[in-house]
Amino acid sequence: MKVKVLSRNPDDYVRETKQDLQRVPRNYDPALHPFEVAREYTRALNATKLERVFAKPFVASLDGHRDGINCIAKHPESLSTILSGACDGEVRIWNLMNRVCIRTLQAHEGFVRGMCTRFCGSSFFTVGDDKTVKQWKMEGPAYGEAEEPINTILGKTVYTGIDHHWKDPVFATCGHQVDIWDEQRTSPLCSLTWGVDSISSVKFNPIEMYLLGSCASDRNIVLYDMRQSTALKKVILDMRTNTLCWNPMEAFLFTAANEDYNLYTFDMRFLDKPLMIHMDHVSAVLDVDYSPTGKEFVSASFDKSIRIFPVDKGRSREVYHTKRMQHVITVKWTSDNKYILCGSDEMNIRLWKANASEKLGVIVPREKAAMNYNQKLKEKFQHHPQIRRISRHRHLPKNIYSQAKEQRIMREARRRKELNRQKHSKPGSVPLVSERKKHIVAVVE
Amino acid sequence: MAAAEEDEPILSGPEEEEEAGDEEAAKRHRQLVDTLSTLSGGKRLRATERTEASRQISEFDVGGGADEKVVLSELLKPASASPALRRLRKQLNKAQQKKAVKLPLSKEENERVVREAAYTQTAQDLAKWDPVVRQNRRAEQLVFPLQQESVTVAPVEEVISSWQARTPLEQEIFSLLHKTQQPIKDPLLTPYEKASLQAMSLEEAQLRRMELQRARALQSYYEAKARRKGKIKSKKYHKVLRKGKSRKVLQEFEMLQKSNPEAALEQLEKIEKARIEERMSLKHQNKGRWAKSTVLMAKYNLEARQAMQEQLARNKELTEKVLLESDNEDGGNNSDAEGGLIPDVVNDGHIGMNPDNPWMLGKTCANPKEDIPAQANDSEESDGEEVPLQSLMESEQGQQGSSELQGPGEEETIPMLPDVLPPAPPSPAPEEPFLKETLDRLHTLEDVEALEPEIASQEDRTSSSKEAVLLEPAEAKSSLQAKGAPDLSQATSKAGKKKPAKRKALIDLKAVLAEAPQAVKCPLVPSVVQDEFDADTDQRRVIQEAFANDNVMADFMKEKRRAEEASKPKAVDLVLPGWGEWGGTGLRPSSKKKKWFFIKPAPQTQRKDKHLPHVILSEQRNILAAGYQVNQLPFPFENSQQFERSIQAPVGPTWNTQRAFQRLTAPRVVTQPGHIIRPITAEDANLPSQKDKTDGARKKPDLRLATSPRKGRPHYSAKKKKR
């Protein structure tokens with residue numbers, strides 16, 4: 001007689017060690033787990049609420065400067081080191097881990113206009129109001145040694161910005177013209193001019209390194225090619241562009257921070273129309289920096305706030321502000337994609353989390369899985385009204401709030417007027433210009 | 001003019017001889033002029049005269065004299081002469097026909113052209129990133145940093161060579177190492193070792209090597225053998241092996257006892273120790289996998305039973321605490337030890353129970369009276385289940401007692417029971433749960449009926465409760481077994497006939513509209529043979545029965561009427577007596593005013609469910625639901641179905657397997673903490689390397705520089721000018 005005996009494989013229910021979790025056999029039959037949408041919705045709602053509860057982005061403030069901070073530079077090799085230049089010509093090097101200043105040097109008389117590190121991280125360059133370009137060692141001087149720059153180049157005009165090539169010992173300064181310098185020489189390799197204007201910032205493309213972008217005070221953005229030592233194209237906007245930043249993952253994209261409160265993301269091959277206009281600031285945008293993943297960027301504004309925009313979205317996903325933070329002049333996204341640094345008028349550098357509700361420190365795998373799940377749920381239900389309302393809610397200072405409201409009204413009025421004008425004039429005589437094209441005055445070849 | 005000259009050589013082609021004469025004349029003429037000029041006394045430069053044949057047209061001095069013009073026709077004379085140079089002549093002809101070169105472009109224009117060209121070229125260069133960008137944007141997951149740094153292992157020598165001993169401790173250690181001349185690099189042999197190796201003679205070394213080889217070979221054989229043996233799965237083989245081993249040990253022990261009592265004592269101690277270890281461990285405790293399986297097998301298999309018993313005995317033997325020899329009872333000790341092997345409980349058990357039952361071996365029966373009937377009952381059943389069953393039996397007995405106590409009370413609640421129910425089946429066991437469960441169910445049904453306020457007279461209630469009572473055991477029985485007596489089926493059919501008649505009286509005929517009431521077959525008692533499928537239909541019938549009294553249809557109609565009424569637009573009466581009129585008692589607002597302030601309802605639109613008798617369609621917007629509804633189709637979705645589907649697919653671990661869950665919730669962008677993310681490079685994107693491109697790009701500007709040589713480095717040129 002054959003007897004059937006109930007037998008189970010002990011591997012299914014026996015733990016290997018005591019520390020293991022108890023194995024819980026699960027039956028995935030959907031009939032046993034009803035109301036999946038409703039349950040997941042509730043989870044998503046809770047996750048969204050918790051995200052807002054835990055959104056505490058401010059990490060630290062680095063104080064020590066005796067004047068407003070004018071520029072910040074990241075160390076290319078060390079995540080914990082940053083450099084900052086102030087309006088009194090002082091440069092400080094900070095350790096972010098210990099949140100202390102590790103070195104102070106009086107680099108210039110007057111403003112430190114621009115600062116950049118060499119690609120290897122051994123030295124850095126500063127330009128200042130005293131018409132000099134100085135190269136400094138990253139390490140401090142040994143005991144008894146004087147604090148002196150490695151090289152000093154005395155120019156004829158004030159330099160307003162500097163950027164270093166990402167690979168070669170070449171750097172570019174801007175002022176009356178864009179100069180490209182070899183590190184070994186005291187005269188520029190070539191000077192690039194196109195019209196007479198003062199150029200406020202110049203940036204090397206991090207991917208196609210021979211490309212340069214600059215923005216001048218006559219409202220234009222000019223692109224240069226270093227190989228052929230020629231300008232490429234110029235786009236003139238409504239108002240002046242303060243800075244631009246190249247996307248580190250997509251070679252042809254750059255974002256320009258404009259005085260008209262907006263940021264414009266351009267594809268450099270199609271300059272006649274920006275890919276996206278990012279609007280949310282209520283005052284001039286002073287600085288912009290891309291996240292190293294190239295998916296988002298952070299912008300600093302005169303309205304005392306910084307905002308984080310996704311590259312493909314017209315509205316910001318996050319706004320950071322504190323009572324004490326004044327006009328934010330410069331902003332940087334750290335190279336590990338985790339933090340944001342901003343330097344402002346009131347002499348402080350602030351360190352923010354790039355993701356406001358992110359948990360810092362060690363995360364165990366289960367926690368991580370739960371976080372991923374919550375993230376996914378938030379994404380899945382993001383369009384539902386309650387969840388959207390909670391996730392979008394931000395507290396704003398009164399002046400930003402009221403100004404935003406005012407501007408909304410103004411924009412609406414303008415739109416209405418335009419529509420009315422179109423309605424009451426001969427068909428075709430008042431063309432409908434898209435918002436994206438409206439801000440482009442001309443593209444010059 | 002050039003064209004005219006061009007013509008000349010062609011014309012002069014045939015008159016070559018004539019020309020020679022002309023030349024002679026010209027020469028004479030020149031000589032004459034010269035002599036005349038010398039006579040006049042002026043200093044004149046004279047062409048050096050040569051007496052060679054080609055004096056006039058030399059390769060160094062083209063024009064004979066200063067006054068003479070170079071004529072193209074003269075130059076081209078040889079070309080016209082030789083047919084090999086015809087091509088050249090043609091080209092010259094063409095060149096003659098071309099127009100003059102245009103003026104060079106202005107500086108600004110020139111720059112613009114250069115810019116345009118450079119821009120188009122750069123745009124083309126950038127186009128190579130398009131696929132990369134597209135791919136990255138679409139990627140399910142991006143892991144940053146893109147360039148995963150590989151960990152390189154530096155050789156030890158390198159690390160050491162750069163390292164220097166600084167602290168005194170390190171220096172001391174180093175000095176020691178150097179004293180013994182410890183090698184750092186391969187081969188790891190000190191000089192002494194090397195010397196000793198060298199000192200060994202060749203034969204010795206060979207012998208030694210052979211020995212080593214043999215040893216190694218043997219080792220590998222044994223290893224292979226052991227592995228092979230280890231892989232043998234046969235339990236019998238292992239059993240035999242184990243037994244053989246133990247026998248061997250025993251034999252040796254006996255041998256030792258005879259030959260060397262001291263060694264035997266030691267051996268004994270060893271055995272004792274092994275026993276103690278065994279006792280400490282949990283082997284032979286019936287807890288292993290084998291034991292458990294054997295317990296199940298033991299019911300059917302004599303061998304298994306025996307094996308089980310054996311193991312238990314062994315356990316008993318091992319776990320028996322051996323009295324120390326220091327105890328005073330020496331003579332009794334022996335007998336105890338013998339008895340220890342087989343516990344007396346076993347002997348007890350042998351009297352009344354199955355001797356093969358291993359479970360009864362270890363137990364001391366406190367109350368044999370209880371045990372014996374249990375034994376009798378369970379003799380058929382499996383041995384493994386005995387212990388739980390025993391307790392169950394006890395509880396059952398308790399229940400029996402209680403049910404007996406409750407008996408009369410229950411009969412009051414079910415007076416009809418004996419009428420409907422056939423004589424009980426012979427086996428008494430199922431009857432007990434039957435009674436017990438009904439009580440509970442009755443209670444719940446009453447509850448259910450209490451929820452419906454309108455109907456349900458006292459009679460109905462009793463009847464329905466009866467039905468429920470009757471139905472319940474039916475279910476229970478069908479699920480339990482189908483052993484019932486054959487006359488049961490007859491009883492059910494009888495009951496089935498009775499039922500519909502009653503039911504018809506209960507259900508409101510009007511309420512059920514035109515539909516004929518279905519005769520509900522009520523399987524009161526299970527038929528003899530029931531399929532598994534019947535259970536489902538049974539269930540449905542039971543529910544039908546239970547809720548038979550509800551006037552569902554009537555309720556629905558009422559509800560629908562109410563909904564219709566509610567949705568009708570209502571007239572609003574805004575008449576306020578006393579406004580604009582004299583006040584006082586008994587005064588009524590004027591009819592005009594009434595007319596004026598009475599707002600008539602708008603004509604009602606046809607309801608959508610007018611022709612659907614079984615549906616209520618509410619046309620009101622549900623505000624409560626609005627909070628959960630997305631009112632606009634979100635961007636990437638093309639239609640609402642797509643979006644709904646995306647919402648309906650759950651991602652949680654409750655509905656998905658672990659793997660699927662991980663895949664579904666994988667984040668779009670992964671960054672590693674503490675890693676610097678650098679901009680993408682051509683190597684990351686597997687594009688052709690940057691160098692080739694830049695080289696190619698550098699070549700082109702060279703060509704361009706040829707057209708505008710000043711373009712290259714304006715700064716330098718400016719400096720040169722200054723100097």
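## How the two chains meet

Buried area is the accessible area (1.4 Å probe) that two parts lose on being put together, summed over both. For chain A and chain B, that comes to about 6000 Å², with 61% of it on carbon and sulfur atoms. Just so you know, this is a predicted model, where local features need pLDDT of at least 70 and side-chain atom pairs count only at pLDDT 80 or more, while totals for chains, interfaces and linings use all residues. Residues are numbered from 1 along each chain as its sequence is written, and side-chain values use heavy atoms, leaving out hydrogens and water.

Counting contacts (heavy atoms within 4.5 Å), 66 residues of chain A touch 69 residues of chain B.

## Charges across the interface

There are five salt bridges between chain A and chain B; a salt bridge is a side-chain nitrogen of Lys or Arg within 4 Å of a carboxyl oxygen of Asp or Glu. Arg227(A) and Asp125(B) are joined in a salt bridge through their side chains, 3.2 Å from N to O. The side of chain A that touches chain B has 33 nonpolar, 14 polar and 19 charged residues, with Ala, Val, Leu, Ile, Met, Phe, Trp, Tyr, Cys and Pro taken as nonpolar, Asp, Glu, Lys and Arg as charged, and the others, Gly among them, as polar.

## A sheet in chain A

Chain A also has an open sheet of four strands, in the order E1-E28-E27-E26, with antiparallel pairing. Strands here are DSSP runs of at least two residues (E), numbered from the N terminus, and two of them pair if DSSP finds at least two bridges between them. At the edges sit E1 (58-63) and E26 (328-333) of chain A, each pairing on one side only.

E1(A) and E28(A), residues 348-353, are antiparallel partners over five bridges. Ala60(A) has Leu351(A) as its bridge partner in E28(A).

Terms used:
Chains lettered and ligands numbered in written order.
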